[in-house]
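Hello,

Here is the structure I said I would pass on. My notes follow below it.

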Amino acid sequence: MHGLLSVSGLKKVYEGSGRRVEAVRDLTFTVDAGELVCLVGPSGCGKTTLLKCMAGLLTPTSGEVLLEGRPVSGPPPGMAVVFQEYGRSLFPWMRVGENVELPLKQKQLSRQRRRALVADALESVGLGDAAGAYPWQLSGGMQQRVAIARALAYEPDVLLMDEPFAAVDAQTRADLEDLVRGLWRDRGITILFVTHDIDEAVYLGERVLILSASPTVVQEQLKVDLPSERDQLHTRVDPRFAELRTRVYEQIQAAKRGVVPGA
Ligand code: ADP
Ligand code: MG
């Protein structure tokens with residue numbers, strides 16, 4: 001099976017100034033069109049490295065990433081990325097609307113079409129009124145919404161998200177999680193969501209890929225057979241949710257002890 005996105009035998013070793021860090025050892029997995037897949041693994045296991053390789057921002061040491069069967073060698077036109085550090089991903093001297101519009105300027109679109117996409121994206125993340133504000137006038141959660149809006153306005157087929165809610169408070173995080181599931185349902189975007197948070201991975205994902213600690217391999221893949229309508233109140237107390245999170249937790253522990261899956 002090929003999938004929309006396919007990562008095969010991906011390895012990344014950082015080398016320089018006498019140091020050698022094997023960030024990712026050997027990763028193989030696929031993501032199908034329209035899927036929402038969560039990738040969970042401990043800090044430092046190479047999640048950001050993997051995402052940068054998938055987004056064409058880093059060249060793998062070996063292995064490859066295919067998007068619709070074609071090797072990714074630079075940032076692919078149909079892909080958008082939301083990074084963890086919203087504080088550094090928005091330009092403070094540009095208003096929210098201008099930040100969201102910026103990547104659209106690479107596309108051959110009329111000014112009117114760009115404006116419509118920006119307004120629609122800001123509306124989708126609940127920031128219809130914020131176009132004229134500067135990022136530093138907004139809370140952390142709102143800034144991360146702006147970063148999501150910027151990705152949406154670009155109309156990506158594939159959205160990669162790297163621990164996007166790690167730095168916001170719990171209530172905001174819950175709201176943003178629901179926002180992501182809603183956007184996924186409404187827009188049919190393929191989403192790969194990276195997190196170190198087991199509960200978040202199970203709550204959001206239709207499938208969870210569990211990474212081992214570095215040197216990193218895929219420890220297990222788990223289908224999340226929870227109903228597709230999820231909400232913060234009921235889903236998290238569903239006995240099946242508890243079973244799934246226990247399963248993910250056990251696999252992460254096994255990965256730490258170096259237990260090879262299936263062995
Ligand atoms: P995660 O996102 O899962 O926390 P990272 O991909 O950021 O993990 O990092 C994986 C490993 O690679 C870590 O040991 C980290 O220190 C190392 N690393 C990340 N970026 C670089 C770099 N540019 N140069 C050298 N080592 C790096
Ligand atoms: Mg990271």
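What share of the chain over residues 5–238 is helix and what share is strand, and how far apart are the end C-alpha atoms? Over that stretch the chain is 30% helix and 28% strand, with 31 Å between the end C-alpha atoms. Helices (H or I, at least four residues) and strands (E, at least two) are DSSP runs, numbered from the N terminus. An unreviewed UniProt entry annotates residues 5–238 as "domain: ABC transporter"; such annotations may be inferred rather than shown by experiment, and their positions are given in the numbering used here.

This is a predicted model, in which local features need pLDDT of at least 70 and side-chain atom pairs count only at pLDDT 80 or more, while totals for chains, interfaces and linings use all residues. Residues are numbered from 1 along each chain as its sequence is written, chains are lettered from A and ligands numbered from 1 in the order in which they are written, and side-chain values use heavy atoms, with hydrogens and water left out.

Now the ligand. The residues around ligand 1 (a heavy atom within 4 Å) include Tyr14, Val21, Lys47 and Thr48. By class, this shell has five nonpolar, five polar and one charged residues, with Gly counted as polar and Tyr as nonpolar. α1 gives the most to the shell, three residues.

Polar contacts are pairs of N or O atoms within 3.5 Å. An oxygen atom of ligand 1 lies 2.5 Å from a side-chain N or O atom of Thr49, and an oxygen atom of the ligand is 2.7 Å from a polar backbone atom of Gly44.

Regards

How values were computed
A polar contact is a pair of N or O atoms within 3.5 Å; within protein, one must be able to donate a hydrogen and the other to accept it, and residues adjacent in sequence count only if both atoms are side-chain atoms.
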